Amino acid sequence: MIANRLRRALTIDEAAITVVDRDDMHVYQPGLLFVPFGLTSVEEIVRSRRRQIRDGVELRTAEVDHVDLEMDRVHLGDGETLPYDVLVVASGSRLQPEETEGMTGPGWMERVFTFYTPEGAASLAEALRSFDGGRVVVSFVDLPIKCPVAPLELAFLADWYFHDCGVRDDVELTFVTPLDGAFTKPVASEQLAGLLAAKGIGLVTEFATGEVDGAGGRLVSYDDREVPFDLLVTVPLHGGAAYVERSSGLGDDLGFVRTDPRTLQSTAKPNVFAIGDATNVPTSKAGSVTHFEAEVLTENVRRYLAGEPLEDGFDGHANCFVETGFHKALLIDFNYEVEPLPGRYPSSLGPLPLLKESRLNHMAKLAFQSIYWHMLLPGREIPGISTQMQMRGKKAAATASA
Amino acid sequence: MTTATLSGTTVDVDAEGFLTDPAEWTEELAAAIGRENGIPELTPRHWQVVNYMRTTYLDTGQAPSIRSLGKQSGVPIKELYALFPKGPAKLAAKIGGIPKPRGCI
């Protein structure tokens with residue numbers, strides 16, 4: 001997406017653009033949520049990367065070994081080096097199930113699943129088809145994770161799925177979180193906790209997962225609490241790309257690129273920028289965030305090349321649909337300073353209610369896959385949706401948020 | 001903003017009892033905050049974590065997360081939970097006189 005945007009912003013004479021990616025498989029990651037319930041399939045959400053890239057952009061399929069910030073060079077896995085004037089790191093985040101004791105041990109992909117990979121989502125779909133009752137636990141180990149609402153959505157959709165299969169009464173469904181509530185921010189947390197309760201989904205908070213015992217069917221916390229399960233759907237710890245860790249000075253201790261939260265310039269070197277899940281900026285790791293970042297980043301790369309001062313225009317804006325099952329969804333819209341609030345979107349007369357279940361939000365979420373392939377990846381704007389978060393339409397909380 | 005009096009010293013704290021000015025922090029204050037939060041005495045292992053937390057915050061402007069603490073402080077996560085019951089990162093930050101670590105969405 002950023003290459004496509006940069007290609008439009010810069011002429012062929014101004015810049016040659018090369019994308020390095022490890023394979024030719026681009027996954028529409030929001031679709032992974034629906035795979036376990038047979039609502040879509042892996043084949044429907046994967047496309048060729050090459051076909052998403054505009055003319056005038058070269059695609060190299062290779063692993064990156066490391067970046068030499070001093071010499072302005074990317075070292076590829078095959079030993080070749082690519083020199084650059086400007087580098088944009090967009091290598092996302094990496095699942096680290098092996099960082100949690102026992103997670104990939106006995107039962108992994110048999111009764112312990114993650115839906116954050118195509119293989120995991122497909123295996124879970126298989127397991128759910130023959131599941132006719134018992135204790136189902138949905139958990140995530142710790143933030144940051146991609147799309148922090150996705151585990152909640154998985155729990156809501158599981159409730160709906162078991163209901164439709166006629167076995168809901170035989171399933172004890174529990175959501176386990178390291179946070180002190182259903183979500184990170186107070187207003188949304190209260191709303192989502194209410195939804196969990198209304199759907200009969202148990203909520204276990206402040207659970208810092210220390211061990212997954214797949215054989216014994218137990219989640220064990222660092223302070224020795226236990227949650228039993230017959231089937232566990234969990235989200236492993238996340239870190240940045242391994243090559244970021246191998247690139248001296250580029251990343252923080254989790255491998256995310258140290259990035260200025262407003263300009264998206266790396267704090268390690270002025271000719272390096274970062275976007276999306278690869279950064280350490282304190283907002284959601286979500287597709288919408290990457291879209292909003294892209295506009296600021298494209299402009300700042302152009303300014304950097306022209307020797308102009310950068311704009312500090314990124315405000316942490318995120319916009320996420322939260323599937324709640326039964327053909328409904330919530331919508332949340334927030335930034336670095338403003339937590340998700342109730343109201344309407346994109347304005348007070350807007351069609352989509354914020355922080356409230358509606359069918360229209362669900363339909364918008366489904367329509368989003370097409371918007372993703374046809375507008376977001378090619379790097380086009382979505383009409384009526386601004387990069388900076390807008391307060392219009394939102395009902396401010398009674399007390400100011402921290 | 002509110003104030004709290006600990007060990008005879010009055011300091012500014014936020015609604016959850018975190019010091020708002022890290023410069024007001026002293027070791028005596030740290031011990032007093034520990035006692036208020038169920039840690040009768042700060043052992044050398046406690047100090048190792050609290051000092052790491054405080055130094056990292058003063059150097060980088062960000063308090064380390066629990067995962068960073070487990071990797072970098074020299075104290076494994078399991079022990080962190082034994083030393084600082086419930087939320088080691090939060091409690092060690094409070095004792096270290098730095099703001100509450102920011103959870104990100």
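## Close-up views of a two-chain predicted model

**View 1. An open sheet of three strands in chain A.** In this predicted model, three strands of chain A form an open sheet in the order 5-6-7, with antiparallel pairing. Strands here are DSSP runs of E with at least two residues, helices are runs of H or I with at least four, and both are numbered from the N terminus; two strands pair if DSSP finds at least two bridges between them. Strand 5 (64-68) and strand 7 (81-83) of chain A each have a single partner strand, so they stand at the edges with one side lacking a neighbour in the sheet. On average, neighbouring strands of this sheet are turned by 20° against each other, direction ignored; the axes are lines fitted to C-alpha atoms, for helices over the stretch in contact, and angles run from 0 to 180 degrees between N-to-C directions. Four bridges link strand 5 of chain A to strand 6 (residues 73-76) of chain A in the antiparallel sense, and A:V64 stands opposite A:L76 in strand 6 of chain A. Residues are numbered from 1 along each chain as its sequence is written. Chains are lettered from A and ligands numbered from 1 in the order in which they are written, and in this predicted model local features need pLDDT of at least 70, side-chain atom pairs count only at pLDDT 80 or more, and totals for chains, interfaces and linings use all residues.

View 2. Is strand 17 (residues 231-235) of chain A enclosed or left open? Five of its five residues are buried, so strand 17 of chain A is largely enclosed by the rest of the structure. A residue is buried if 20 or more other C-beta atoms lie within 10 Å of its own, exposed if 12 or fewer, and partly exposed in between, with C-beta atoms placed from the backbone. On one side of the strand are A:L231, A:V233 and A:V235, and on the other A:L232 and A:T234. Strand 10 (residues 112-113) of chain A pairs with strand 17 of chain A in the parallel sense over two bridges, with A:V112 opposite A:L232. Strand 11 (residues 134-140) of chain A also pairs with strand 17 of chain A in the parallel sense, over five bridges, and there A:V137 has A:L232 as its bridge partner.

**View 3. Inside the largest nonpolar core.** Of the 104 residues in this core, A:F115 and A:I275 touch the most other members. A nonpolar core is a set of buried Ala, Val, Leu, Ile, Met, Phe, Trp, Tyr and Cys residues joined through C-beta atoms within 7 Å. Helix 4 (residues 150-165) of chain A gives the core its largest share, nine residues. A second, separate core has 17 residues, including B:V49 and B:M53.

View 4. Strand 1 of chain B runs antiparallel to strand 2 (residues 9-13) of chain B, and five bridges join them. B:T3 stands opposite B:D12 in strand 2 of chain B. Two residues lie between the strands of this hairpin, where B:S7 takes a positive phi near 50°.

**View 5. Where chain A meets chain B.** Here 18 residues of chain A are in contact with 14 residues of chain B, contact meaning C-beta atoms, placed from the backbone, within 7 Å.

Definitions and conventions. Two residues are in contact if their C-beta atoms, placed from the backbone, lie within 7 Å.
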